[in-house]
Amino acid sequence: MNIVLVGLGLIGGSVAKALKQNTSHRVLGMDVNEDVLLDACSSGAIDGKASLADVESADLVYLSVYPEDILAFVRQYGKRLKPGCILTDACGIKREICHAVEALSRDEKGAWCAPYQFVAGHPMAGKEQSGFAASDPSIFSGASYILVPGSASQEAVETVASLALQMGFGRVVQVSAEEHDRNIAYTSQVPHALACAYVLSPRCRQHQGFSAGSYRDVSRVANINDVLWSRLFLDNKQCLVDELDELLRNLQKIRDAVDREEEGELRRLLQAAAQIKREVG
């Protein structure tokens, strides 16, 4: 296939490298930073810079950019993609993106009028660093790749799923946009919010010499891209607020048991948590 990757940051760069290492597809790149494009070309992560003609003739366009930039691309280039082109993304929220792309792809009567098929995706991989310099295809090894098929054909969905497995992902999970966002609020967004809240303590600046694995594990993702994650938090507002409320309720129970020196209640809470962790991992 002729594949155009839009956005060569951590995920986009890693996707490019994974595709070049594991497939025979032609991979071209687009990025607002010309230095990133030069680095990607010189390192062999892409076959070259994508022109407008390349976008128009692409078999698959992979959008690895901020949510608002996904929609900007669809508005600017969507109608110029060739019939049958598969459009996919790597965004961490799905309801807002899927509903907006659907709206942009249908006419006033609600009929699909776009030449492409949209298969929403979310590679469940990453690390604390950002940017092309941090890209590494090994972060995909054995990870999950989530797909939200929407109204795309089974063939288009299978094409994106196959591509994910070729890149090294261990499994592909198909869900609705709503289910994706509920689960991501818990598994991804709450941990980032928790890590940020944790390191805002004045004790954080004094942790050297007193910290080990526990501090490292809880604080790791506090090294956060504030622009991206602020947008992801707000675009998934209700799901995230619900999960944060649940976290606060549970912290309050532990806090109250400690404050009241209720050892029996404290042990019950800790035992319940340990049992769940042993059961589900």
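## A partly exposed arginine and its partner

Arg 231 is partly exposed, at a relative accessible area of 32%. Here buried means under 20% relative accessible area, exposed means over 50%, and partly exposed lies in between (1.4 Å probe, protein chains only). Asp 235 is buried, at 15%. The two side chains form a salt bridge, with N and O 3.2 Å apart. A salt bridge is a side-chain nitrogen of Lys or Arg within 4 Å of a carboxyl oxygen of Asp or Glu.

Both residues sit in helix α9, residues 226-235. They are 4 residues apart, about one turn of the helix. Helices (H or I, at least four residues) and strands (E, at least two) are DSSP runs, numbered from the N terminus.

## About the model

This is a predicted model: local features need pLDDT of at least 70, side-chain atom pairs count only at pLDDT 80 or more, and totals for chains, interfaces and linings use all residues. Residues are numbered from 1 along each chain as its sequence is written, and side-chain values use heavy atoms, leaving out hydrogens and water.

UniProt lists residues 1-281 for "domain: Prephenate/arogenate dehydrogenase", in an unreviewed entry. UniProt positions follow the numbering used here, feature names are shortened, and annotations may be inferred rather than shown by experiment. Over residues 1-281 the chain is 51% helix and 13% strand. The end C-alpha atoms are 38 Å apart.

Side chains of opposite charge can pair when their charged atoms come close. The structure holds 14 salt bridges. One of them joins Asp 54 and Arg 26, whose closest N and O atoms are 4.0 Å apart. This pair links distant parts of the chain, 28 residues apart. Asp 54 lies in helix α3 (residues 52-56), and Arg 26 lies in strand β2 (residues 26-30).

Asp 54 counts as buried, at 18% relative accessibility. Arg 26 is partly exposed, at 40%.

## A network around Asp 256

Asp 256 lies in helix α10, residues 237-259. Its side chain meets that of Arg 260 in a salt bridge, 4.0 Å from N to O. Salt bridges that share partners join Arg 255, Asp 256, Asp 259 and Arg 260 into one network.

Asp 256 is buried, with a relative accessible area of 15%. Arg 260 is exposed, at 53%. A polar contact of 3.2 Å also joins the side chains of Asp 256 and Arg 255. A polar contact is a pair of N or O atoms within 3.5 Å; within protein, one must be able to donate a hydrogen and the other to accept it, and residues adjacent in sequence count only if both atoms are side-chain atoms.
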